[in-house]
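Student: Hi! I'm new to this one and would like a tour. Can we start with what sits on the surface and go on from there?

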Amino acid sequence: MNKINILVKLAWRNIWRNKRRTAITLASIAFGLCALLFQQSIIKSLQNQIIEKSTRTYTGHLQVFSKETTDLKVPEARIENPSPIYAAVQTLPDVDLWGPKLIFTGLISSPFTSKGVLVVGIDPLKEKELTTIHSYIVEGGYIEPAEERSILIGVKLAKEMDVKLGEKIVVMVQGSDGSLSAELFRLKGLFQTGSPVYDGQIVYVPLSSAQRLLVCGEEISVISMHLKNVEAIESAQEKLAKLLEREPVQVVTWRESSHEIVSIQKFQDAILLIVLVIIFGIVALGIFNTLLMSFFERIREFGLMLALGSKPIHVATLILLEAVFLGILGMVLGNILGSLLILYFGKNGIPLPIGDVVGYWMPFDKVIYLKFAWKELIFSSLAAVLTSILSAIFPAMRAARLQVAQALRHY
Amino acid sequence: MEQFKFGKCKISLSNVRKVYESKGENVEALRGLSLEINPGEFLAIAGPSGSGKSTLLNLLGGLDKPTSGKIFFGEKDLGSLTNAQLCVLRLFTIGFIFQSYNLLPILTAVENVEYVMLLQEMDPVMRRQKALEMLGEVGLSSMAHRRPLELSGGQQQRVAVARAIVSHPLVVLADEPTANLDSHTATALLDLMAHLNATKNITFVFSSHDPLVLSRAKRIIRLHDGQIE
């Protein structure tokens, strides 16, 4: 313990012998880490925002589909008897909110034109809690429970159809019995999410009206759920699947139904990893250079330590401890700088053009508000210290292998 | 920690050769040297630069290994010891004083003196007390908490002496200990070493070509071209 104490003391004092060089090394670690934390925060905040928007506007965290459904976006099969599923969902403590939907393609007509759309039949009360679609209403209002003939459409679609609030819209579909079915609705509200897909191609009607239109009785396409703790999604999926094992249904997570988001996430994570390797590669070279220069300057001193009875492992440990100190100090500085940036852009937001890209498919804010990516922050911080230690291995080994007499002659 | 029990042993060199390779050529620094050093000696190794004085001290201190020949500490052949065992030998039996001070620059005077005792795993309180006492003996009590750069050359060399003898080694090896000192400081240092030799019976072996140093030695071995004259 005493030896470690003195080595710690020596290492700490050694790194401050050449303050300028240490400052430059610390700056390289700190700026590298700061850049990485900032980038990780942008990517993770973006991913979280995409996931949040996706699950809160459409999919929810967990969904129950008919076993025969293959297209999870526009389910072609329906759950014929949803009552046991409603009951099971209500008994599952992990579920916070839930709601059924009936989804199908149809034709809507105004006095002026017709257009193919995706019709989503919703339980207005449950959907209001489950998703945020009501919050995008810019004109008119949301569908009330008793309003059987209200319809919500996007501003873009309304413009294309040339319809205004309160005007009539006819929805036509082919019913499940093969007949052509039509219902008259009145435009109750216009929503504007910013997503051309949502605003131009999706309409919301009450679930009961949708079922009547499709002549499908109580059938639904999907039950979406919002969980209390999304981290426990796999366990909730397992529990629900067990509860419903006798029903002809499948329980899927948002990852399975929104695999394109998962693909984006994986691609971004891979880029993050490459950037991490590049940044820490550069940082490692800087630290290696510092430690090697410091080693060559102190060969005589290491020789003295060995001559006085220090073991080679002590000398090597000294260099490694110096690297640990550099790594830890750099990590702390990098975290402070990175955190300040994340806090600033967490409050003020950062406009990103990717919002336009993602926003085509789903409602998405064009400003990203940064949040701490804790897991990545811890990983990168440890990587900074580890990089520093790895950079010290070669100088440490050189020091441990010094010939004492030769080292003492070194100037 | 493994320790060696050497007692007050004799140091013997038998036909020791040391060859260095320099720029592709072999340079023979010691040519078949045989020598015996008795416990408690105050021995000077004299000779011009390049005569092999420092090489001999390095071999005696286990800092280097001979190309051929044997060096014995009592019954123990240094050539048979591993590097780790040589570390322990140096730690417990040999004190070093080098030509150019060789203090650890980031430690204070008292910490430098403590360093060897710390490696010996001595109790921290006792260690500090002994280091301060030893600094007192070399007249540096008031400089105990200064770093080497804040000390004069003579003061630094006295700290090195204090460090060399604080843990009562059997032998102190001093390589040109007065080379960088003025005559007044050199005399004081020699007085100190002679005093320690007389009172603590520590064997002193120092290399020098300084007449002042040689005049104080009880025995002088003169080297020339790696051989005893």
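Student: Which residues make the nonpolar surface patch of about 340 Å²?
Tutor: In this predicted model, the patch is made by Ile328(A), Val332(A), Ile336(A) and Leu340(A). Patches are made of residues with over 30% relative accessible area and no salt bridge, where nonpolar side chains (Val, Leu, Ile, Met, Phe, Trp, Tyr) are joined within 5 Å and like charges within 9 Å. The areas come from the Shrake-Rupley method with a 1.4 Å probe, and for residues only the protein chains shown count as cover.

Student: Where is Leu340(A) found?
Tutor: Leu340(A) is in helix H12 of chain A, which covers residues 312-348. Helices (H or I, at least four residues) and strands (E, at least two) are DSSP runs, numbered from the N terminus.

Student: Is Leu340(A) exposed or buried?
Tutor: Leu340(A) is exposed, because its relative accessible area is 53%. The cut-offs are under 20% for buried and over 50% for exposed, with partly exposed in between (1.4 Å probe, protein chains only).

Student: How should I read the numbering, and what are the ground rules?
Tutor: Residues are numbered from 1 along each chain as its sequence is written, while chains are lettered from A and ligands numbered from 1 in the order in which they are written. As this is a predicted model, local features need pLDDT of at least 70 and side-chain atom pairs count only at pLDDT 80 or more, while totals for chains, interfaces and linings use all residues; side-chain values use heavy atoms, with hydrogens and water left out.

Student: Let's zoom out. What does chain A contain?
Tutor: Chain A has 15 helices and 12 strands. Its C-alpha atoms fill a box of roughly 100 × 45 × 25 Å along the principal axes. Of its 411 residues, 54% count as buried.

Student: What is the radius of gyration of chain A, beside that of a compact globule?
Tutor: Chain A has 31 Å, whereas a compact globule of 411 residues would have a value near 22 Å. The radius is taken over C-alpha atoms, and the globule rule is 2.2 Å times the number of residues to the power 0.38.

Student: And chain B?
Tutor: Chain B has 7 helices and 10 strands. For its 229 residues, the compact globule value is near 17 Å, and chain B agrees with 17 Å. The C-alpha box is roughly 50 × 40 × 35 Å along the principal axes, and 56% of the residues are buried.

Student: Which residue forms a salt bridge with Glu160(A)?
Tutor: Lys115(A) does, and their closest N and O atoms are 3.3 Å apart. This pair links distant parts of the chain, 45 residues apart: Glu160(A) is in helix H5 (residues 155-161) and Lys115(A) in strand E3 (residues 114-122) of chain A. Glu160(A) is partly exposed at 36%, and Lys115(A) is partly exposed at 25%.

Student: Which residues are linked in a network of salt bridges?
Tutor: The network links Glu148(A), Arg149(A), Glu183(A) and Arg212(A). Within it, Arg212(A) forms a salt bridge with Glu183(A), with the closest N and O atoms 3.2 Å apart. Arg212(A) lies in helix H7 (residues 207-214) and Glu183(A) in strand E7 of chain A, 29 residues apart. Arg212(A) is partly exposed at 37%, whereas Glu183(A) is buried at 11%.

Notes. Salt bridge = Lys/Arg side-chain N within 4 Å of Asp/Glu carboxyl O.
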